[in-house]
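Please look at the two chains below with an eye to the open spaces in their surface and to the place where they meet. The briefing that follows takes these topics in turn.

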Amino acid sequence: MAGKTLYDKLFESHLVRTNDDGSSLIYIDRQVLHEVTSPQAFEGLRIAGRQPWRIDANIATPDHNVPTTERSGGVDQIVDPVSKIQVKTLDANCDEFGILEFKMNDQNQGIVHVMAPEQGAVLPGCTAVCGDSHTATLGALGALAHGIGTSEVEHVLATQCLITKKMKNMLVKVDGKLGLGVTPKDVILHIIGVIGTAGGTGYAIEFGGQVFRDMSMEGRMTVSNMAIEAGARVGLVAVDQNTIDYFEGRPFAPKGEQWDAAVDAWKDLVSDADAVFDEVVEIDGAAIEPQVTWGTSPEMVVGVSAQVPNPDNETDQVKIDGINRALEYMGLSADQNITDIQLDRVFIGSCTNSRIEDLRDAAKVVEGRKVAGNIIQALVVPGSGLVKEQAEKEGLDKIFIEAGLEWRQPGCSMCLAMNPDKLGNGEHCASTSNRNFEGRQGFGGRTHLVSPAMAAAAAVTGHFIDVRELIEQ
Amino acid sequence: MNKFTLHTGIAAPMDRANIDTDMIIPKQFLKSIKRSGFGKNLFDELRYLDEGLPDQECTGRPLNEEFVLNQPRYQGSSVLLARENFGCGSSREHAPWALDDYGFRSVIAPSYAEIFYNNCFKNGLLPIVLTEEQVDQLFTEVAATEGYQLTIDLERQVVVTPSGEEMAFEIDGFRKHCLMNGLDDIGLTLQHADDIKAYEANRRKQAPWLFDAIK
Ligand code: SF4
């Protein structure tokens with residue numbers, strides 16, 4: 001019998017039962033809650049007179065709606081009434097049910113997918129859910145993590161289980177050594193460019209190969225975060241010593257004897273050598289260059305030295321129409337150099353790239369330089385209060401401020417523009433977030449997805465530039 | 001979800017075909033973070049003379065005295081009598097939420113829009129299909145008798161009029177089972193609570209660090 005993939009192991013070890021209709025009930029070890037997708041779930045519980053199955057399996061924090069500017073005035077200071085109500089409702093629900101919540105001005109507050117691993121709230125071998133599609137991030141820890149909808153949030157609250165169907169297995173193997181200035185964000189953007197935004201639909205993607213073994217935990221999270229942008233609800237990276245070192249001493253990680261037992265159990269969280277994947281994609285890591293998206297879907301991505309595609313080079317009509325539509329929305333012309341794209345704003349943040357390493361990468365590039373005159377605003381939004389604190393300890397905040405970037409409070413911010421951080425109509429933004437859909441960062445806004453280093457380079461030059469030109473000097 | 005087995009309540013006649021979900025609960029009320037509290041805005045545009053706003057206190061608003069639910073004789077009604085294609089239009093689940101929150105337990109009509117029909121079952125509301133003639137007869141009887149009550153016996157699948165006349169209706173067996181036992185998706189999963197508990201006990205042994213850590 002063939003061996004098992006990491007996904008098979010995680011799925012099977014959480015299987016409660018198989019339902020008559022072929023769906024499966026899997027046990028959920030952890031649920032992470034935020035203010036946007038939880039209110040109706042709690043309300044549903046109350047209406048039905050139900051209690052959460054297990055309080056200690058839940059952890060919450062507000063992130064999508066919180067302002068990232070000075071907010072010492074607390075929740076009442078939030079200007080948008082809908083945002084204010086959502087944050088207040090989360091607070092009230094967590095208080096009522098006794099769920100641990102890091103409230104807006106708690107030092108531990110942050111973007112759900114940054115906070116949960118940083119606290120050790122989600123651990124290797126866990127199943128974890130959150131009402132947010134980028135929950136795939138947590139797969140980088142060797143956890144089986146699903147993004148879910150509000151009715152499922154309620155279902156998990158009430159039953160500690162999720163109704164799901166087993167997915168197929170895909171291995172994306174990137175071997176070789178990444179070049180200077182090439183980061184995990186470039187790797188995942190390149191992968192999405194290769195397999196397409198629907199390439200992973202129906203699969204759990206495991207990221208394997210030398211590149212991921214060499215990668216930090218933060219980097220792995222950046223990669224797994226965007227599995228959903230390749231169509232896969234689940235991304236995974238096998239557990240190794242890196243993973244184990246990352247969790248040692250985290251607040252909710254096991255201690256003492258339990259730590260030893262846990263480490264023992266976690267060592268099996270790898271795909272067996274003879275495991276069979278339904279699909280394998282192999283990529284040469286050494287050939288990847290810094291990436292920039294030019295269009296309105298993450299798969300519309302090229303290397304920084306390339307040109308904006310020309311629809312005349314395509315034969316498929318659907319593709320031609322797609323390119324034309326994207327060019328029009330983005331205000332770009334075919335064959336234009338990526339390095340000629342002029343920018344208006346820069347956003348460094350989001351659950352993809354707001355961890356300490358991301359901020360270090362960006363700071364290294366802007367240090368001793370100034371934000372270009374044509375840039376209206378360059379934001380740096382740390383992913384959590386703890387990331388912010390660490391960055392300040394290292395003096396990164398001063399480097400950013402000195403260079404003319406804004407240093408903000410933690411939250412989702414301009415990733416989805418639910419708070420006041422937004423793009424203006426027609427503005428181009430170099431963004432380290434994960435979605436470049438039309439209007440995602442504000443009505444008419446034009447998003448280019450890049451790595452933190454590339455965003456920083458764009459901030460100081462006013463247009464895209466191969467970051468290697470700045471760090472090699 | 002509420003169980004539905006046997007219910008007796010005042011019938012209110014909405015003598016109108018194609019009542020759409022926007023009429024049942026107008027779109028300005030969908031922004032809420034809640035799924036309860038929609039009852040006061042049920043049929044908002046028919047029920048009040050002014051324009052309804054979200055988060056508005058409704059007690060002082062001018063009522064349309066003509067509207068059926070505002071008439072004294074239909075206060076406290078819990079069975080809604082309507083004409084064909086009830087619940088058409090947008091798929092909003094807020095429509096059954098609003099009917100349920102107002103206090104309706106059942107709707108009786110000759111036909112329904114499909115999504116609305118499905119959504120009713122998820123929310124403990126029983127949509128009953130009777131023939132046009134039967135529905136006609138009920139409209140006539142309701143109009144003639146103040147305090148007219150109908151009894152709905154889901155077990156036996158009959159609507160019983162005050163004179164004792166029984167009108168049989170069809171319902172899918174699985175849906176009947178779920179309603180009679182108060183089972184929505186969550187309820188169905190909770191039927192396997194023993195399996196979940198057994199799994200959990202075992203999990204606690206294998207990975208004790210995942211229990212009682214977050215507090
Ligand atoms: S940072 Fe963006 S993608 Fe991540 S959780 Fe927040 S809104 Fe979602």
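In this predicted model, the lining of the second largest pocket consists, by class, of ten nonpolar, seven polar and nine charged residues, where Ala, Val, Leu, Ile, Met, Phe, Trp, Tyr, Cys and Pro count as nonpolar, Asp, Glu, Lys and Arg as charged, and the others, Gly among them, as polar. Residues are numbered from 1 along each chain as its sequence is written, and chains are lettered from A in the order in which they are written. Local features need pLDDT of at least 70 and side-chain atom pairs count only at pLDDT 80 or more, while totals for chains, interfaces and linings use all residues, and side-chain values use heavy atoms, with hydrogens and water left out.

**Second largest pocket**
- This pocket (on a 1 Å grid over the protein atoms alone, an open set of points where a 1.4 Å probe fits, with protein on both sides within 12 Å along at least five of seven lines) has a volume, that is, the space filled by probe spheres set on the points, of about 560 Å³.
- Its lining (residues with an atom within 4 Å of a point) holds 26 residues, and Gly181(A), Val182(A), Thr183(A), Pro184(A) and Asp361(A) lie nearest the centre.
- Two or more lining residues come from each of α6 (184-195), α8 (217-225), α12 (356-366) and α15 (452-461) of chain A, helices being DSSP runs of H or I with at least four residues and strands runs of E with at least two, numbered from the N terminus.
- The largest share of this lining, six residues, is given by α12(A).

**Largest pocket**
- The largest pocket holds about 1200 Å³ of space, and among its 39 lining residues the closest to the centre are Lys122(B), Leu183(B), Asp184(B), Asp185(B) and Ile186(B).
- Its lining divides into 14 nonpolar, twelve polar and 13 charged residues, and α5(A) supplies the largest share, five residues.
- Because domain 1 (6-183) and domain 2 (184-215) of chain B both give residues to the lining, the largest pocket lies between them; the domain bounds come from an automatic or database domain assignment.

**Where the chains meet**
- Contact, meaning heavy atoms within 4.5 Å, joins 44 residues of chain A to 29 residues of chain B.
- The buried area (accessible area, 1.4 Å probe, lost on being put together and summed over both parts) is about 3200 Å², with 63% given by carbon and sulfur atoms.
- In chain A, Gln40(A), Arg50(A) and Trp53(A) lose the most area to chain B, together 19% of what that side buries.
- Four salt bridges (a side-chain nitrogen of Lys or Arg within 4 Å of a carboxyl oxygen of Asp or Glu) are found across the interface, and a salt bridge joins Glu154(A) and Arg35(B) at 2.4 Å, N to O.

Notes. Buried area is the accessible area (1.4 Å probe) that two parts lose on being put together, summed over both.
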